[in-house]
Amino acid sequence: KDGNSRLLRSKQKQKTTIPKIGMNPTSALIKAALDALEKGIMDPKSVFCMIQAPAKAEESAEAYFQLARFYHHGIGCDQDDAKALEMLIKSAEGGWIDAQYALGIRYYTGDFAPQNYSEAVKWFTLAAEQGHKSAANYLVDCYIHGQGVEKDSDEAIKWLGIVADGVEFNTPEEEDWPDLEDLNDLEIDED
């Protein structure tokens with residue numbers, strides 16, 4: 001037999017990640033296709049086509065997000081930032097949290113979208129309201145510097161609370177604090 005059939009059989013023997021039980025069929029298809037691409041079992045064009053199908057048929061926000069990545073990087077298709085932006089907008093409008101954050105970044109930086117801080121704040125807010133900490137972090141910056149919004153330290157602090165939520169801050173125990181009498185013994189060089 002020829003080398004291609006041996007290669008095909010060896011690729012077929014590679015394990016693929018089994019999608020989680022309860023995962024919707026579109027998510028399972030996308031995950032399996034991306035896993036197959038990563039492992040070299042499928043070529044980029046085939047994976048692109050597999051992801052394109054649910055985007056067209058179901059208006060899948062998740063599929064649109066993946067297509068945006070493929071178009072932006074030219075994976076399995078011609079590199080096309082205008083098409084990438086179109087797919088990213090559809091995904092964000094469909095409620096995909098990572099797309100909302102990514103679209104905020106695009107408008108914030110002006111990377112393959114016109115720089116527009118107001119639009120960035122809009123998309124960061126939608127993502128941050130769903131708990132996206134990086135989006136909340138950008139909102140802190142926007143409210144501190146007045147980018148796309150009026151400067152507002154109260155709003156900045158509100159979003160900082162989302163960023164810090166769940167972060168444990170270690171406070172020194174009382175015995176870890178220096179004794180004030182020890183500070184009197186310090187020699188300070190006043191050169």
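Where is the place of F112 in this chain? F112 sits in the loop between α6 and α7, the latter being residues 117-128.

First, how to read the model. This is a predicted model, in which local features need pLDDT of at least 70 and side-chain atom pairs count only at pLDDT 80 or more, while totals for chains, interfaces and linings use all residues. Residues are numbered from 1 along each chain as its sequence is written, and side-chain values use heavy atoms, with hydrogens and water left out.

Now the confidence. pLDDT is the predictor's confidence in each residue, from 0 to 100. The protein chain averages a pLDDT of 83, and 75% of the residues score at least 70. Over residues 1-19 the pLDDT is below 50, and this stretch has 12 contacts in the model beyond near neighbours in sequence. Contact here means heavy atoms within 4.5 Å.

Next, the overall make-up. The protein chain has 10 helices and 0 strands. Both are DSSP runs numbered from the N terminus: helices are H or I with at least four residues, strands are E with at least two. Buried residues make up 33% of the 191 residues in the protein chain. Buried means under 20% relative accessible area, exposed means over 50%, and partly exposed lies in between, with a 1.4 Å probe and protein chains only. Of the contacts between residues at least 6 apart in sequence, 41% join residues at least 24 apart.

On to helix pairs. Two packed helices are described by the angle between their axes and the distance between the axes. The axes are lines fitted to C-alpha atoms, for helices over the stretch in contact, and the angles run from 0 to 180 degrees between N-to-C directions.

Start with α2, residues 25-38, and α3. Their axes come within 9 Å and cross at roughly 165 degrees. That makes α2 roughly antiparallel to α3. For the wording, angles under 35 degrees count as roughly parallel, over 145 as roughly antiparallel, 65 to 115 as roughly perpendicular, and the rest as oblique. The crossing of α2 and α3 is left-handed. A crossing is left-handed if the near helix is turned anticlockwise from the far one by less than a right angle, and right-handed if clockwise. On the α2 side the residues are T26, L29, I30, A33, L34 and L37, and they meet P44, V47, M50, I51, P54 and E58 in α3. By class, this contact of α2 with α3 has 10 nonpolar, 1 polar and 1 charged residues. Ala, Val, Leu, Ile, Met, Phe, Trp, Tyr, Cys and Pro count as nonpolar, Asp, Glu, Lys and Arg as charged, and the others, Gly among them, as polar.

The second pair is α4, residues 61-73, and α5, residues 81-93. They pack at an angle of about 160 degrees, with their axes 8 Å apart. That makes α4 roughly antiparallel to α5. α4 passes α5 in a left-handed crossing. Among the α4 residues that meet α5 are Y64, L67, A68 and Y71. The contact of α4 with α5 has 9 nonpolar, 2 polar and 3 charged residues.

M87 is buried, with a relative accessible area of 5%. Leaving aside neighbours within four places in sequence, M87 is in contact with Y64, L67, A68 and Y71. The C-alpha atoms of M87 and Y71 are separated by 8.6 Å, and the two residues are 16 apart along the chain.

The contact is made by Y101, I105 and Y108 of α6 and S134, A135, Y138, D141 and C142 of α8. These residues divide into 6 nonpolar, 1 polar and 1 charged.

Last, the backbone. Most residues other than glycine have a negative phi. F112 has a positive phi of about 55 degrees although it is not a glycine. E59 also has a positive phi of about 55 degrees and is not a glycine; the place of E59 is in the loop between α3 and α4. Is each one buried or exposed? F112 counts as buried, at 16% relative accessibility, whereas E59 is exposed, with a relative accessible area of 54%.
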